[in-house]
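Here is a colleague's note to read alongside the model. The points are numbered so that each can be checked in turn.

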Amino acid sequence: MDNSRMDDEDRDALASISPTPSARKIHSHSQQLRATTSHQRPRKHSLDEDRIPTNIDQFCHSDNGDTDNFFPYSSSAYGASDDDVVDLCSLSSSRRVSDPGDDPPPLPEFVASGGGSGIFRVPIRAAVHPSRPVCNELRPHPLKETQVGKFLRNIACTDTQLWAGQENGVRFWNFDDEFEAGRGLGGRIRRGDEDAAPFHESVTTSPTLCLFADSANRLVWSGHKDGKIRSWKMDQPVDNDNHFKEGLSWQAHRGPVLAIVTTFYGDIWSGGEGGIIKVWPWETIEKSLSLSPEEKHMAALLVERSFIDLKSQVTVNGTCGISSSDIKCLLSDHVRGKVWAAQALSFSVWGARSRELLKVFNIEGQLENRVEISSSPDQAVEDEMKVKFISTTRKEKPQGLLQRSRNALMGAADAVRRVATRGAGAFVVEDNKKTEALVLAADGLIWSGCNNGLLVQWDGNGNRLQDFHHISCAVLCFCTFGTKIYVGYVNGMVQIMDLEGNVIAGWIAHSSPVIKLAVGGGKCIYSLATHGGIRSWNVNSPGPIDNVTRTELAMKEAMYTRQDNIKILVGTWNVGQGRASQEALMSWLGSVASDVGIVVVGCQEVEMGAGFLAMSAAKESVGLEGSALGNWWLDTIGKSLDEGKSFERMGSRQLASLLIALWVRKNLRTHVGDVDVAAVPCGFGRAIGNKGGVGLRIRVYDRIMCFVNCHLAAHLEAVNRRNADFDHIYRTMAFSRSYNVLNAAAAGVSSSAQIPRSSNSSSSSTDEGRPDLAEADMVVFFGDFNYRLFGISYDEARDFVSQRSFDWLRERDQLRAEMKAGRVFQGMREALIRFPPTYKFERYKPGLSGYDSGEKKRIPAWCDRILYRDTRTSSDSECSLDCPVAASILQYEACMEVTDSDHKPVRCKYSVNVGHVDRSVRREELGKIMHYNEDIKSMLEEMRYVPETRVSTDNICLKNHETYILRITNGSPKDTVVFKFLCEGQTTVTKGAQSSTDLRRRGSYGFPKWLEITPASGLVKAGQLEEISVHHEESEEPAEGIPHNWWSEDNRDKEVVLRLEIQGSCSMEVMTHQIRVRHCFTGKSTRTDSKPSSSISKKGQGGGGSNSEDWK
């Protein structure tokens, strides 16, 4: 330390440093050396060049065996007693998964205190997640690098299949195959789908943005980025060697099709950019579907010409009744025959039959009569800024340059803040209320979700009833089952609410945003995350069925557990704004990388200077990073690792002078991915990156590993600042935002959705606020931590180094003292240091005589360190699914022969055992449990209960404008009945009063225009009845350009077959009942009512139709 700086302030700062550790047994030669050494007179030092031994390697090994507070890799994560030492060799053999060859025994380790609680607690891991329901991973989380160009965007369910829209088409799974094993890498399946259940893919198309299933016509409709709407046949025979093809398709919009839905009457409505809503009449679609494949072009042309542009109908003299923002989602209100269109900040409600605009209102429920059409897009915020720096002359004194550089940096930081916040203040409030999703609940009320987590309940007329705010992050999707409402959030959580908005249950379902939910087969809820993973959850979860399944799966853990061993090399070097020779890099990294699978390198002070730091801050504000010198380091290090042939660079991040990069050996590449980066500046008011941390996060065998390169506050007395820098980095480093925004954009998630900072899949709801680093399975911190030696002079430090007395020097190490006290790097481990201090040296001066001998004579110190934390919690922890990552240190050394900087490069080699799950095997075992476990079979049978229900009639006859009241009675004293009317088709009645057997079905079991049923779905509470209005209405005139003979209704009597579906509030079973409704034109026709139906108690097939005898 510079003695000239030892003023009163410095002395006060030194007084705050941790006291010197208690005296211990020290090497006898070191004690003698201290007693006889005089520091009052100049002398020739023992580390001067002519007195350095030729074999410098011996300085990396201490003769003294002191290992106080240093423990092997099996030591406790909650701190350690002073004298616990464990035999390394006796533990290492049982820990190895693969043959380690000639690896040296693991090194003893020192464990910091404070790692057993709070955010420094080791994350909880288990074979079966203890805090969420058991799920079936239909498609396990794929590595995002494998999903480029084929991210899944949405899902939709039929009664037998799950369909998914992706960036290059669609795919589907058969429910019968959902527990089958994956096809593996050896098959034709691409990377990312190795462990997915068997599925079938379509031919390549434009990205699919929306999906809906039309079960009536056995079709799935999809809207695409190229503006087309396409149809796909359900349950079609599929050739495993070929992709299936689309059916009817047409150009629906000039821009992307953002939303698509079928209405109460079977028409298809689509929404696009600029608030465009188009109606595609079912009569035209039906005609086009009847044409032969050879007439495909004619069929598309027929539909394209039939559309009705609703926005143009409500536009008068350039003024439109609805907003010009993009259509976010469309919702068909089957209860009342309406359609809701949600835009960012407003709603419009339309009549499904009349196609008239009924109401426009904003997110507060306030009416909006007219909205001017925007003639030009909103003016963008400036994307450039100019920062003026005070120029300095070469003759300026160092103090003046330092002060002016500081002023320039602070000015740049202010400019960055101004640019980052410019134009944002006025829109923050409204942006946080943007609508992201809509859903129709079983009671007929409508729910909307906003990007600030607000849930709003509306009645069918658009009146705002009440709102709820359970979680402060964006709502992305809904689905309903019975009386339950499922909500998917951007933090990966799924919540279940009742119809009153009360939370029934909630759990973290995925490690990234839940973008779609769908009900499939009447028994499962399927969730899709932005990373492409799909999971299914039993409709009665969480519940007793999960307890049984969790226990059974845990008992089979050995069958699906796999373990692998990898070696990781971590290197750190403060390069002092210089460049290194290839020989130096080979000595540091290349010489020890032959058996390594992953290499992580961190450099500090890659490039400094006021101008560079200010420009880096400016670039960071607009999402740019990196520099020419940083790229030189990446390329040069890559050459030393034989990049391209042996290794592949997978990620890097530069924050001003800090640089981190990661390379993976090619034979390990298929198991490593999801690379993400993060940066936390700590310099100059936590705004500039001369100090701070840069991080990389990866998934290795489905386990999360984080690597953080740090440069902490300098100077001997700044211990508290260094501790604070670490704490700030640990708490605020956020990988989730950049990763999820990237995937969310690919998946079509609104950019306004608030992405959470932490959302690890293994977190429970109580751990929602834990930092990203706290939820990783392995964390490695490395870099120039700047902790110094205290209570020792420059000459004493050099003497102890010359005598290899590293034991006593360790007692003077600030970092060790702070870690022991639990004030920094809580719960982290470091190998016993057996190499000389790595700071400070004179550049290009070889040997240990290169320690700083200038005017300041900085005391040698171990500034450059590498620490880690894995998932072990006790000394006897073995690698398993409960402790999935268990590491040991094979090498920890400094490259003392490298002279290219004032710091020596340091490297650490880890042997890491990783426990993970074979997803295919576990899915098969789960299927066996669900199919053959008697307890589960009994529980599923109980869930098939349908309340006893009675319907007043089976036959209804209506004359013009006549109304009949149908009554549904719930005979159960406890359970609520959920009902829904569908139209199985329409036929004509001949002169002999005989109905044709040819039923014409409209889209999604839609109703003919002459029939109104209100409400068409709803609830019947226990012991009560519901009256249903069945009304005849005049059908509309034929559309322009459409032949009258097949568009309009004729004057013959018509009859429709209604299907009434009944289920309990949480039942997996659906009962059906047929009701015939005839429209009679002649006055002679009379209504024929059957006798009231008897009680309904017999269980039918879930989701399938049955005749009326099933109800008797």
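Helices (H or I, at least four residues) and strands (E, at least two) are DSSP runs, numbered from the N terminus.

1. On the surroundings of Val-360. This is a predicted model, and in it Val-360 is buried, with a relative accessible area of 7%. Its contacts, leaving aside neighbours within four places in sequence, are with Gly-321, Ile-322, Phe-347, Ser-348, Gln-366, Leu-367 and Glu-368. For one of these, Ser-348, the C-alpha atom lies 4.4 Å from that of Val-360, although the two residues are twelve apart in sequence.

2. On confidence. The average pLDDT of the protein chain is 81, and 76% of the residues score at least 70. Two stretches call for caution in reading: over residues 1037–1049 the pLDDT is below 50, and this stretch has 18 contacts in the model beyond near neighbours in sequence. The pLDDT is also below 50 over residues 1097–1112, where the model shows 36 contacts beyond near neighbours in sequence.

3. On the overall make-up. The protein chain contains 22 helices and 54 strands, and 58% of its 1112 residues count as buried. Of the contacts in the chain with a separation of 6 or more, 68% are between residues 24 or more positions apart.

4. On the sheet that contains β4. Four strands, in the order β4-β5-β6-β7, make up an open sheet with antiparallel pairing. The edge strands are β4 (152–157) and β7 (200–201), each of which pairs on one side only. Five bridges link β4 with β5 (residues 161–166) in the antiparallel sense, and within this pairing Asn-154 stands opposite Gly-165 in β5.

5. On the sheet that contains β3. Another open sheet of four strands has the order β3-β33-β32-β31, again with antiparallel pairing. Here β3 (135–139) and β31 (514–520) stand at the edges with a single partner strand each, so one side of each has no neighbour in the sheet. On average, and with direction ignored, neighbouring strands of this sheet are turned by 25° against each other. Between β3 and β33 (residues 534–538), which run antiparallel, there are four bridges, and Cys-135 stands opposite Trp-537 in β33.

6. Strand β18 (residues 327–333) is mostly covered, with six of its seven residues buried. Six bridges join β18 to β19 (residues 338–343), and the two strands run antiparallel, with Cys-329 opposite Ala-342 in β19. Four residues lie between the strands of this hairpin, in which Gly-337 takes a positive phi near 70°.

7. On helix α9. This helix (residues 544–555) has twelve residues and reaches 17 Å from its first C-alpha to its last, close to the 16 Å expected at 1.5 Å a residue. Its buried residues are Ile-545, Asp-546, Val-548, Thr-549, Arg-550 and Leu-553. Among the elements that cover the buried residues of α9 are β33, α10 (557–560), α20 (919–932) and α21 (934–942).

8. On the cysteines. The structure holds zero disulfides. Cys-157 is in no disulfide, and the nearest cysteine sulfur, that of Cys-479, is 8.9 Å away. Cys-157 counts as buried because its relative accessible area is 15%, and Cys-908 is likewise buried, with a relative accessible area of 1%.

9. On the cis peptide bonds. The bond from Tyr-839 to Lys-840 is cis, with omega near 0°, and Lys-840 has its place in the loop between β42 (829–831) and β43 (864–869). The bond from Thr-1014 to Pro-1015 is also cis, with omega near -10°, and Pro-1015 lies in the loop between β50 (1011–1014) and β51 (1017–1020).

10. What is the phi of Gln-577, a residue other than glycine? It is positive, near 65°, and Gln-577 is found in the loop between β34 (561–574) and α11 (582–588), where it counts as partly exposed at 47% relative accessibility. Ala-656, which is not a glycine, has a positive phi of about 55° and is found in the loop between β36 (647–655) and β37 (658–665). With a relative accessible area of 4%, Ala-656 is buried.

Note on methods: Residues numbered from 1 in each chain as written. Predicted model: local features only at pLDDT ≥ 70, side-chain atom pairs only at ≥ 80, totals over all residues. Heavy atoms only, no water. Pairing = 2+ DSSP bridges. Axes fitted to C-alpha atoms, helices over the stretch in contact; angles between N-to-C directions. Disulfide = S-S within 2.5 Å. Buried < 20%, exposed > 50% of the residue type's maximum accessible area, 1.4 Å probe, protein only. Expected span 1.5 Å × (residues − 1). Contact = heavy atoms within 4.5 Å. pLDDT = per-residue confidence, 0-100.
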